[in-house]
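Okay, thanks for coming, everyone. Let me put the model on the screen and we'll walk through it.

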Amino acid sequence: MKSAEAYEHEQGWDFEKAAMPYVDSLYNTAYRMTRNSEDAEDLVQETYLKAYKYYDKFEEGTNFKAWLFKIMKNTFINNYRKKKLTPHKIDFSEIEESYERVIQKNAPDLIKDPETEIFQDMMDEDVKRALDSLPHDYKMVVLLADIEGFSYKEIAEILDCPVGTVMSRLYRGRKMLERTLLEYARKYGYIRGKAEPAKMRSRKDEDKGPKKKEGPAEEEEIQEPDENEEEVLFADDEDLDLEVEGEEEEFNIE
Amino acid sequence: MLCHDVKRVIYFFLDGTLDLRRQNDFQHHLDLCADCETRIVIHRRIRIFLKKRLAPICAPDHLKQRLTRSLRAFAE
């Protein structure tokens, strides 16, 4: 740790050199979080000033980029989430079902095109809308993993949650996002499956995808977790029971 | 590994984070099951599509200048 005198002189420059290369990444995520450039800029600025202020707390040898993201996540929660986040409920089993329906109906369309860009004509705005339709916590893990390329462990560190939670949210977040895209694709005719009521439910719950080992309710209802309730709401994260490399828990094959 | 298990771990297979044994089990299942093979192709394509369409937005230059200015002012 540097002395207080040295801090002002050297640390400012050190910090700038260390932190500025991440400004694009931070801004990108900030923009996706706040959904507008003005708030994103303010969030990034506040993040940088806070990070600078606490730079002497940063442990050398740990991941600096993840540390900056963690500060940004906390800043965002403090500034924005308290104000306007109204938890909305998600019926994940409905998402699984409609996802399966679309995939099954449209599999031929989805794989016959040799192009990798399967929804070539889909507007960027639609993609953005699909991303924004995710509850914040799911959107965050998808962004951090799939756009920023953080590992599960780094994301767990940034979001202050267990790796199992990260994996569970990734699974659900990706699935929700893909489901929404497939729905748009079908609605706008990029893929040809016949439209059907989105809320239609299958009678055989047993045939659904990932399922709880033993669930108290038929429907698995996910509520966007409140900052303080996170662990309670995600206590069933082990449902996925996945094993990542280097971890020893058994993956449960029913 | 059965189709049901494949669905549960498909993203983690694509992430390359399954342990070796499961990665192999998964691959073995894909070699035998046309439906899951199709499923993985679809997932891969959606993933590539999303990555392309959600490509990072760069921070505007004025923000970079603003940050540099505020950091220097803060240090004084």
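I'll go from the overall fold to one helix and then to the chain contact.

First, this is a predicted model, where local features need pLDDT of at least 70, side-chain atom pairs count only at pLDDT 80 or more, and totals for chains, interfaces and linings use all residues. Residues are numbered from 1 along each chain as its sequence is written, with chains lettered from A and ligands numbered from 1 in the order in which they are written.

So, chain A: we get 10 helices and 2 strands, taken as DSSP runs numbered from the N terminus (helices are H or I, at least four residues; strands are E, at least two). The order along the sequence is α-α-α-α-β-α-α-α-α-α-β-α. Of its 254 residues, 33% are buried, meaning 20 or more other C-beta atoms, placed from the backbone, within 10 Å of a residue's own.

Now look at helix H9 of chain A, residues 163-187. H9(A) is mostly covered, with 21 of the 25 buried. After H9(A) comes Gly189(A), with a positive phi near 80 degrees.

What about chain B? 44 residues of chain A are in contact with 36 of chain B, contact being C-beta atoms, placed from the backbone, within 7 Å. Elements giving two or more residues to that side of chain A include H1 (4-19), H5 (92-112) and our H9.

Note on methods: Buried ≥ 20, exposed ≤ 12 C-beta atoms within 10 Å, placed from the backbone. Expected span 1.5 Å × (residues − 1). Contact = placed C-beta atoms within 7 Å.
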